[in-house]
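Here's a quick briefing to go with the model you're about to look at. Have the viewer open while you read.

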Amino acid sequence: MNPPDGAASWTTTAGGDGVVVAGGVEIPLRNVWLLLLYASELYQSGPEAFDGMEDYPEKLPELLAELLAASTEDRLRRPLTPSFARTSRDLSRVRGGIDTLRTESHQLLSRGLVACRFDELTVDTPRNRMIRTALESVAPLCSEEELSRRCRAQSQRLASLGVGLLNRRAGERDANVRLTRNDAQDRSILLAAKLALELALPSGYMTPGHGRGDLSERQFRHLFERAIGGFYTAHGTARGWTVQRGRKVDWKASETTLGLAAVLPHMMTDVWIDDVPGGHRLIIDTKFTSALSSGRFAKETLRSGHLYQLYAYVRAQESSDPLGASAGGLLLYPAVGTSLAESFVTAGHRLGAATVDLSLSSVEVRDQLIAAVKPYLG
């Protein structure tokens, strides 16, 4: 799979029948939704409602819509819990702090007003806005008209109570929503809302009236990396795996010069899997490019730079603990219409490269991800 130079172009329809055109090749939209599902906290938390859903990712919008609509209906049977929000308003008497600049620049005192900033109880909270925006975003993706109407109806009920929408044009999504241990009751609905907002990105519903959207190369690469980490986190839980993302590897440097710390790059792994019961470790590095490149004499070979980087990762952590001595390394590439799964052993470490063909069915994509790590984790 060749990476796009700038952005990935998306052609979409409700129900997941669209495709993404990236680097001149087409990827089914349902598999983009599959990657979003794998990358989501909702999938990794393992709710029973998602059993088997990865086999039918084209039905993901309907499942999220049902969950959001039903949860909102249940929640609105009692008053919404308000919270304090920072508010600015021109008032006839002082409340909270005075915004001197606005008061003077707008000559409010001549009209008997003063600009104030204060905390006010409101139901127009970030989490309520996120749920309402998710209802609006997932409604056009539903192939079931009745379910789409339910989502819009619940959104209007929230609107009538004073709940606004996230400013998605400005990139506002869920930055102000933080889940704590006290949010167990709302956790599923908030994670479903977060995933619903992400589903709408490649479908061109980021802003009203737009039927197309795009993801840049950086966004798609980040999605693929998150999806791989999320899949193995969920898949390895029952097997006793510990999965970490973005783990640093120490250079084990000694006798360093004074200025080295300022210029030495970090070694940061994408996915780090420890199979303590089985006595195995695997370091996965995801790449958004083709697995092979033209070598000497017109031969296609594995990319040497990628292999050297992976080799440095596994050798640098050798003395960290008992699992480090025989840790494996895997380069994992997205692909369309091609298949690769090769490995070898060097200096006691199995290194290899594999592709995930995103043009196949979601079941086959999942099977490829499972098969890719078997030579390293048993």
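How many helices and strands does the secondary structure of the protein come to? It comes to 11 helices and 17 strands, taken as DSSP runs (helices: H or I, at least four residues; strands: E, at least two) numbered from the N terminus. Bear in mind that this is a predicted model, where local features need pLDDT of at least 70 and side-chain atom pairs count only at pLDDT 80 or more, while totals for chains, interfaces and linings use all residues. Residues are numbered from 1 along each chain as its sequence is written, and side-chain values use heavy atoms, with hydrogens and water left out.

**Overall**
- Of the 378 residues, 44% are buried, meaning under 20% relative accessible area (1.4 Å probe, protein chains only).
- Take contacts (heavy atoms within 4.5 Å) between residues at least 6 apart in sequence: 64% of them join residues at least 24 apart.

**Helix H10**
- H10 covers residues 304-316, and Leu307 is one of its buried residues, along with His306 and Tyr313.
- Its 13 residues should span 18 Å at 1.5 Å a residue, and the end C-alpha atoms are 18 Å apart, which agrees; the expected span is 1.5 Å times one less than the number of residues.

**An open sheet**
- Three strands line up as S4-S6-S5 with antiparallel pairing; strands pair if DSSP finds at least two bridges between them.
- S4 (83-91) and S5 (97-98) are the edge strands.
- Nine bridges join S4 to S6 (residues 114-122), and Ser88 sits opposite Arg117 in S6.

Key
Buried < 20%, exposed > 50% of the residue type's maximum accessible area, 1.4 Å probe, protein only.
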